[in-house]
Structure formats: C-alpha cells, structure tokens
Amino acid sequence: MADPIRNIVILTGAGISAESGVATFRGPGGLWEGHRVEDVCTPQALRRDPELVHRFYDERRAKLASVQPNPAHSALARLDAEWSGGLLIVTQNVDDLHERAGAKRLIHMHGALRSALCAMCGARQGWETALPPGTDCTGCGEAMLRPDIVFFGEIPYQMDAIAAALDAADLFVSIGTSGAVYPAAGFVQEARRSGVRTLELNLEPSEGSHWFDESRQGPAGVLVPQWVDEVLGGE
Ligand code: OAD
C-alpha cells in the first residue's frame, strides 16, 4: 500500500481562474488580452513605455471587481481549512481569487494585482485602484511605485519557502497551468527527483504532462472539487 499523504504542495495557473472569466495567458494567438508578453511583462517594457504597462495592469486590477472565485478555488480553500497535514498553495496567478475563496496557506509567486511595489525601497502596499507611473511610495517617498508583478527575467517570490515545501511534500498537484514558464514548470521534476507523487489536473495535456504520475483532463471547476473530496475522504 502507498504511504499515507501528509504534506501537499499545489501549484495553480491561469486555468483555475478561467471559469471565473479571467483570461489565460496563452489563449488564442498566444496573446494576453491582446498584448505580447514582452510588451507588458518585462522590465524593458516598463522602462520603455511605463504608461502602457501600468495601464495594462490597471485594467486587469479593475477587472477583478467583476469576477468571483469558482468551485475550484472554493474546493482548495476547503482543503486548506480542513487538511490537518502540511499544505501550501503556490499560485502563478496575480488575481486574488484563492484568498477571496478563503485560502490561507498561499504564496503568490508571480506577484499580485492588488499590490504595489516600490522599485526604490522594495516596500509593498495594498492597491485597489489605478496606479499611474510616478506614484509616490508612502514608505520612502520616491515616485517609484510599480505593479507588484514578477516580470520575465525577475526572480519569482518566496522560492526558498516553495523549495522547502516541495522537499517535505508527499504529493505535488499541478492545476490549470501550461507548464511553459520556469521555474514553476520545473516543480514537477524537482518533486519527482525526491520521490514525491505527482498529479496534474488540466483541461488538456500540458507541455509537462509526461512528467506526472497521473494526469486528469477536464475543467478545474469539476476536477478540483472531485479531487478534494477524494483527499479529505481518505484522511
Ligand atoms: P497559461 O495560459 O499558459 O496556461 C493555462 C492552462 O490552463 C492551459 O494548459 C489550459 O489548457 C488550462 N486551462 C484552461 N482552461 C481551463 C479550465 N477551465 N480548467 C483547467 N485548466 C484549464 O497560464 P499559466 O500556465 O498560468 O507569468 O502561465 C504561466 C505564467 O505565464 C503566468 O503566471 C504568467 C505568464 O506569462 C507572469 O505573469 C510572470
């Protein structure tokens, strides 16, 4: 019989929010809401055209007001509340649907739309409205606030905590992510190397499906509640 599961690490991507009406990144044409990633999601783009980059994230932030968590977010929040073992939800998403569903053990490895980051002093502050370039940081006073988003070429947040959780995990589950962007795409390989069981829940086979012990295909709103029932039922 397989060893009992105590520690679970869950990686989520844009697919878990798709049924809430948040656009995925690699949709039709490979564009993100009509933009090439390199025009809105790189440090070079921020330097070249701060108006465009800030406006892009202002629009994404404003959109959050009209979307709600779906059954997949709610199921993970229930798992977080009821699972007595170790658990960490690592999301690549910059929306706040996991926390609005009630998840607590959560890391936003690619940053968060409802947060502003000072490019001068590194302080963060909650941010709900538009964030024009040149906004003053309330910490250091410099006009250097930017969207708190990890751009391509920047290091994702809390990588040490994620590595420690993966190290201690018995089960790694990847939900709604294409497996196209590292380092998150490499978590399944790290998990496998240390003998962790791996499960993928995605609408279709992803670029990394072959790395998983098991891959289930279907909408997150159906697959995730089913899987959470299984896990909590077996505790
Ligand atoms: P992608 O848009 O690359 O992939 C979304 C995945 O979700 C695809 O494999 C879809 O098949 C799947 N999917 C779509 N709808 C689904 C549904 N209803 N249920 C389950 N799965 C569904 O998004 P990510 O993998 O999250 O980085 O992208 C990774 C990173 O690339 C993002 O965090 C972002 C982007 O550039 C930054 O912003 C730094």
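Aromatic pairs come to 3 in this predicted model, counting rings of Phe, Tyr and Trp (its six-membered ring) whose centres lie within 6.5 Å. Planes under 30 degrees apart count as stacked, over 60 as edge-to-face, and the rest as tilted. Phe 56 and Tyr 57 form an edge-to-face pair, 5.0 Å centre to centre with 90° between the planes. Both residues, Phe 56 and Tyr 57, are buried, meaning under 20% relative accessible area (1.4 Å probe, protein chains only).

Tyr 57 also pairs with Phe 151. This pair is tilted, at 6.1 Å centre to centre and 45° between the planes. Tyr 57 lies in helix α4 (residues 50-63) and Phe 151 in the loop between β6 and α7, so the pair ties together parts that are 94 residues apart in sequence. Helices (H or I, at least four residues) and strands (E, at least two) are DSSP runs, numbered from the N terminus. Ring pairs link Phe 56, Tyr 57 and Phe 151 into a cluster.

The charged end of Arg 60 sits over the ring of Phe 56, 4.6 Å from its centre. The rule asks for NZ of Lys or CZ of Arg within 6 Å of the ring centre and within 35 degrees of the ring normal. Arg 124 places its charged end over the ring of Tyr 157, 4.5 Å from the centre.

Now the backbone. Most residues other than glycine have a negative phi, and most peptide bonds are trans. Gln 158 has a positive phi, near 55°. Gln 158 sits in the loop between β6 (145-149) and α7 (159-168). A cis peptide bond joins Tyr 182 and Pro 183, with omega about 10°.

Residues are numbered from 1 along each chain as its sequence is written. Local features need pLDDT of at least 70, side-chain atom pairs count only at pLDDT 80 or more, totals for chains, interfaces and linings use all residues, and side-chain values use heavy atoms, with hydrogens and water left out.

Terms used. Buried means under 20% relative accessible area, exposed over 50%, partly exposed in between (1.4 Å probe, protein chains only).
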